[in-house]
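Hi,

Here is the structure I promised to pass on to you. Please have a look at it first, and then read my notes below.

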Amino acid sequence: MASVLNTVIAVAEGVFESPVRPDDTFFDLGADSLRIVEFAQRLEDRLGVPVDLDGLVSGDPIEKFVGELDRSLPEAPRSAR
């Protein structure tokens with residue numbers, strides 16, 4: 001899960017142009033609908049899997065989103081994480 005968290009944080013910092021902590025929410029970062037979609041697209045491109053937009057707008061911390069995302073990834077790439 002650590003590499004997924006690092007990937008999410010790197011993508012989020014690129015989109016939101018500010019430092020990101022695992023306990024931040026996307027709204028803490030100033031998310032709006034356009035940035036959420038941009039973040040989801042960039043993350044999908046990096047991970048190769050669809051990103052659930054509901055998880056991005058839930059108001060939960062990024063670390064919770066990452067845990068759910070990590071569980072949705074195929075088993076094979078997990079061993080490489």
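In which helix is the place of glutamine 41? Glutamine 41 sits in helix α2; helices here are DSSP runs of H or I with at least four residues, strands are runs of E with at least two, and both are numbered from the N terminus.

Before the rest, a word on the source. This is a predicted model, in which local features need pLDDT of at least 70 and side-chain atom pairs count only at pLDDT 80 or more, while totals for chains, interfaces and linings use all residues. Residues are numbered from 1 along each chain as its sequence is written, and side-chain values use heavy atoms, with hydrogens and water left out.

Now the overall fold. The protein chain has five helices and zero strands, so its radius of gyration of 12 Å, close to the 12 Å from the globule rule for 81 residues, makes it as compact as a globular protein of that length. That radius is taken over C-alpha atoms, and the rule is 2.2 Å times the number of residues to the power 0.38. Along the principal axes, the C-alpha atoms fill a box of roughly 35 × 20 × 20 Å. Of the 81 residues, 37% count as buried (under 20% relative accessible area; exposed is over 50%, partly exposed in between, with a 1.4 Å probe and protein chains only).

The largest nonpolar core has 24 residues, and Val8, Phe16, Phe26, Phe39, Leu43, Leu56 and Phe65 touch the most other members. Such a core is a set of buried Ala, Val, Leu, Ile, Met, Phe, Trp, Tyr and Cys residues joined through side-chain atoms within 4.5 Å. Two or more core residues come from each of α1 (2-16), α2 (33-47) and α4 (62-72), and α1 gives the largest share, eight residues. Leaving out residues up to four places away in sequence, phenylalanine 16 touches Phe26, Leu29, Ala31, Arg35 and Phe39, where contact means heavy atoms within 4.5 Å.

Two more residues are worth a look. Threonine 7 lies in helix α1 and is buried, with a relative accessible area of 15%. Apart from neighbours within four places in sequence, threonine 7 is in contact with Leu43, Arg46 and Leu47. Back at glutamine 41, the relative accessibility is 41%, which counts as partly exposed. The C-alpha atoms of glutamine 41 and valine 51, 10 residues apart along the chain, are separated by 7.8 Å.

Best wishes
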